[in-house]
Amino acid sequence: MSSPGAWQHTTVLLAEAIDALVTTPDGVYVDGTFGRGGHARALLARLSPRGRLIALDRDPQAVAAATTGDTRIEDARFSIHHTRFGAFADLLAALDVARIDGLLLDLGVSSPQIDDPARGFSFRFDGPLDMRMDPTRGESAADFLARADERHIAEVIKDYGEERFAVPVAKALVARREGGNPVRTTRELSEVVARAVKTREPGQDPATRTFQGLRIFVNAELEELEQGLSAAVQRLNSGGRLVVISFHSLEDRIVKTFIARESRSEVDRRAPFAPEKAHRLRSIGRVKPSDAEVRANPRARSAVMRVAERTEVAA
Ligand SMILES: C[S@@+](CC[C@H](N)C(=O)[O-])C[C@H]1O[C@@H](n2cnc3c(N)ncnc32)[C@H](O)[C@@H]1O
């Protein structure tokens, strides 16, 4: 069992994210990744009595933290919803909110998720191999490994984990399954991977990449990000901000490419004399945590925050 402190989450780029996000204290903001509410609380402190914060998280435990016990947030300007940020446009429609002034996405998993052995996210503890941020739906990592063919397993580990030894890992997993002993726990998976991965990266557990690949796949993290970004661009007010904190290059590449694409004007090749389609975003910048933050919170080491602003929205 982990220490009690491990159930807390140290928010990354706290002041930087709120400074970048809030353009009007009276605005409507969405926190798409509530976690334990580090950003949400700082955002509420920055808003006026007329401001509003719509928070969501796909993890029922995060939603419970916002609504029950010592951690609950009692504030008329705040609401929390159990849903995916990829579907936040549906949530806004249900709440009858047409446009927002900012969307914050602080991607990946929270410390309470990683540090709970029962969630199956970490090779540091033994637990059931689950890895779902929302355990009420979808397929666990163990169920995926119990049914998928070798090629599919190798693709997931290679494409989302960037693991060079994805094929030997997948072969070892399938051989074990065919021997009547499929992996069901994080420790079993770590052991199989450690035998199949032939070179060691300094300071990194050999299972790191395989765990990352399975987690991204099980939670459809990259698809979620793409859906959340395109909904954001449609829902932001003129001058509204998109703030995204990523923790690995696959996510950051999607955010960077999306902002670059939406920052260009486009000519319709089929109608060369039609007016250019105006760009919908303006890139504001890219921020990395300070050395002091990384020293205090090693999880911040790989964080990159990108900020973009919605250009004029047609009336
Ligand atoms: C890094 S933590 C956020 C921490 C938060 N900013 C804080 O300060 O406490 C990421 C959170 O986002 C949630 N999450 C990740 N992907 C999600 C998605 N597609 N939809 C909704 N929530 C998601 C996770 O369940 C987790 O609670």
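So, the largest cavity here has a volume of about 370 Å³. Before I go on, a word on where this comes from: we're looking at a predicted model, where local features need pLDDT of at least 70, side-chain atom pairs count only at pLDDT 80 or more, and totals for chains, interfaces and linings use all residues. Numbering runs from 1 along each chain as its sequence is written, and side-chain values use heavy atoms, with hydrogens and water left out.

What do I mean by a cavity? On a 1 Å grid over the protein atoms alone, that's a set of points where a 1.4 Å probe fits but cannot get out, and lining residues have an atom within 4 Å of a point. Points are joined across faces, edges and corners, and the volume is the space filled by probe spheres set on them. With that rule we get two cavities of 30 Å³ or more.

Back to the largest cavity: 32 residues line it, and Thr 33, Asp 106, Leu 107, Gly 108 and Met 133 are the ones nearest its centre. Helix H2 (38-46) and H11 are the elements giving two or more residues to that lining, and H11 has the largest share, with four. Helices, by the way, are DSSP runs of H or I, at least four residues, numbered from the N terminus. By class, the lining splits into nine nonpolar, twelve polar and eleven charged residues. Nonpolar there is Ala, Val, Leu, Ile, Met, Phe, Trp, Tyr, Cys and Pro, charged is Asp, Glu, Lys and Arg, and the others, Gly among them, go down as polar.

Okay, the second largest cavity, at about 30 Å³.

The axes of H11 (residues 221-235) and helix H12 (residues 249-262) come within 10 Å and cross at roughly 25°. Axes are lines fitted to C-alpha atoms over the stretch in contact, with angles from 0 to 180 degrees between N-to-C directions. That makes the two helices roughly parallel, the label for angles under 35 degrees.

Who touches whom? With contact meaning heavy atoms within 4.5 Å, the H11 side includes Leu 222, Leu 225 and Leu 229, and the H12 side includes Ile 254, Val 255 and Phe 258. Overall, that contact has eight nonpolar, one polar and four charged residues.

Note on methods. Angles under 35 degrees count as roughly parallel, over 145 as roughly antiparallel, 65 to 115 as roughly perpendicular and the rest as oblique. On a 1 Å grid over the protein atoms alone, a cavity is a set of points where a 1.4 Å probe fits but cannot get out, and a pocket is an open set with protein on both sides within 12 Å along at least five of seven lines; lining residues have an atom within 4 Å of a point.
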